[in-house]
Amino acid sequence: MTTLLAPHPFGRAITVDSLTTTFSHLPQWEDRYRQLIQLGRQLPALPEALKTPAIALIGCENQVWFSSQLQSDGTLHFYGDSEGRIVRGLLAVLLTAVEGQTPQVLLQHDPLALFDTLGLRAQLSASRSSGLQALAEAVKRAAQQHQTA
């Protein structure tokens with residue numbers, strides 16, 4: 001197995017099922033907002049050496065770094081960071097949804113579907129929605145890049 005760059009608990013220790021269960025008990029947007037911040041706190045800071053212009057995303061309100069690494073088993077490991085607390089939480093949800101998937105699976109599914117399941121996407125501001133879309137497009141680009149690798 002390839003050594004993971006910037007390891008994190010999302011998609012492994014924190015799963016789609018655990019997030020779905022957690023958010024199903026949070027009917028108020030304020031509670032979901034607090035949970036996003038908590039998730040963001042569990043995202044380890046990206047080492048400065050990895051915060052390169054090559055992985056900086058354009059189209060996000062806050063500075064965001066996001067990239068992927070092809071694993072020896074053909075799955076993708078995604079990693080990233082942001083300066084914004086809410087954006088870090090949104091990134092944590094996205095990482096949970098896409099971590100450990102094959103490029104083929106990622107290309108067949110909407111990387112943002114989990115946000116709808118958790119009731120998060122409808123509450124986002126236009127700028128955060130735009131940033132989230134930029135992250136989804138980065139996931140798709142990574143999957144396309146590694147599909148034939």
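Helix α6 (residues 126–147) has 22 residues and should span 32 Å at 1.5 Å a residue; its end C-alpha atoms are 31 Å apart, so the two agree. The expected span here is 1.5 Å times one less than the number of residues. Keep in mind that this is a predicted model: local features need pLDDT of at least 70, side-chain atom pairs count only at pLDDT 80 or more, and totals for chains, interfaces and linings use all residues. Residues are numbered from 1 along each chain as its sequence is written, and side-chain values use heavy atoms, with hydrogens and water left out.

**Helix α6**
- Helices (H or I, at least four residues) and strands (E, at least two) are DSSP runs, numbered from the N terminus.

**Helices α2 and α3**
- Helix α2 (residues 29–41) packs on α3 at about 80°, with the axes 7 Å apart; axes are lines fitted to C-alpha atoms over the stretch in contact, and angles run from 0 to 180 degrees between N-to-C directions.
- That makes α2 roughly perpendicular to α3 (65 to 115 degrees).

**Rings**
- Phe66 and Phe78 are stacked because their ring centres are 5.6 Å apart and their planes lie at 15° (centres within 6.5 Å, planes under 30 degrees apart).
- Phe66 belongs to strand β1 (residues 64–70) and Phe78 to strand β2 (residues 76–82), 12 residues apart.
- Both Phe66 and Phe78 are buried.

How values were computed. Phe/Tyr/Trp six-rings, centres within 6.5 Å; stacked < 30°, edge-to-face > 60°. Buried < 20%, exposed > 50% of the residue type's maximum accessible area, 1.4 Å probe, protein only. Parallel < 35°, antiparallel > 145°, perpendicular 65-115°, else oblique.
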